[in-house]
Amino acid sequence: MDAELIARRYPGLKPFAPPPPPPSVKPVTLNAAHPLVFSRVPITEKVVFVTIDDGVEKDPAFVQMVKDFKIPLTLSLADTLIRDDYRYFAELYATGYVSIQNHTLTHPLAMPRMSAARQLEEIAGQQEKLKREYGTTPYIFRPPGGNYNATTVTAVKEAGLRGMMLWKESMEIHDMQYQTAAHRLRPGDIILCHFRGPAQLKGETMVQMMANLYRHIQAQGFTVADITHYA
Ligand SMILES: [Zn+2]
């Protein structure tokens, strides 16, 4: 039933295989006293993690896509990019398939050049807003542009988060950008995507871009698991 619906709505795609049961001990050990910076999960199963950042595009069809595929996604949201429509992300959260994490108040790409107080304000301020809007307390921080320094790690700790998540691949419009020469997914890789729409994707939609990503993942024989079960 699901397979039929998915093939009809998303040509070339099938439901993802169920992920292996969550490990009894999380392979990435986060620590409130010393937040850990990580960009993959040390596992051998053919599992990857899909993370979606920022929040500019708010495509209603993507909410349906999340419900159709039923795979876990991690959203790292920045307040200035979501504040014109907090409800959109509440709808995504209500699907039960997403976790919401912290991506600062204003998405400063030059975080390492900011004072300790400003960095803390960006993270702690967004922590408060996400708690207020969605009733969830993020514990993972994603630095805008992947740019951070030791002061950022301290700010992450002081804001009460336990880890800082980078990535191994990023999704463009049709293709993935790999950090390694092999141009292949590896078990435990974290993939970066963004909430983007036709204005940022040369006319393609968020759903088309995510379908392209899912095709890459399926073609390489991987499935998708929940980072919050592994870190
Ligand atoms: Zn970002």
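**Close-up views of a predicted model**

Strand 2 (47-54), strand 7 (169-171) and strand 9 (190-194) each contribute at least two residues to the lining of the largest pocket. The model is predicted, so local features need pLDDT of at least 70 and side-chain atom pairs count only at pLDDT 80 or more, while totals for chains, interfaces and linings use all residues. Residues are numbered from 1 along each chain as its sequence is written, and side-chain values use heavy atoms, with hydrogens and water left out.

View 1. A pocket is an open set of points, on a 1 Å grid over the protein atoms alone, with protein on both sides within 12 Å along at least five of seven lines; lining residues have an atom within 4 Å of a point. The largest pocket holds about 150 Å³ of space, a volume being the space filled by probe spheres set on the points, which are joined across faces, edges and corners. Of its 16 lining residues, G145, W167, L192, H194 and R196 lie nearest the centre. Strands are DSSP runs of E of at least two residues, and helices are runs of H or I of at least four, numbered from the N terminus.

**View 2. The zinc site.** D54 (OD), H103 (NE2) and H107 (NE2) coordinate the zinc ion at 2.0 to 2.1 Å. Donors are N, O and S atoms within 2.8 Å of the metal (3.2 Å for Na, K and Ca); water is not among the atoms, so sites may look incomplete. D54 belongs to strand 2 and H103 to the loop between strand 4 (98-102) and helix 5 (116-134), so this pair ties together parts that are 49 residues apart in sequence. Both D54 and H103 are buried, that is, under 20% relative accessible area with a 1.4 Å probe and protein chains only.

**View 3. The largest nonpolar core.** This core has 44 residues, and F62, M210, Y214 and I217 have the most contacts inside it. Helix 7 (residues 206-219) gives the most to this core, with eight residues. A nonpolar core is a set of buried Ala, Val, Leu, Ile, Met, Phe, Trp, Tyr and Cys residues joined through side-chain atoms within 4.5 Å. A second, separate core of 18 residues includes V47, Y139, I140 and L166.

**View 4. The largest cavity.** A cavity is a set of grid points where a 1.4 Å probe fits but cannot get out. About 30 Å³ of space lies in the largest cavity. Its lining consists of F49, V50, P72, L73, T74, A225, D226 and I227. Strand 2 and strand 3 (73-77) are the elements that give two or more residues to this lining.

Note on methods:
Buried < 20%, exposed > 50% of the residue type's maximum accessible area, 1.4 Å probe, protein only.
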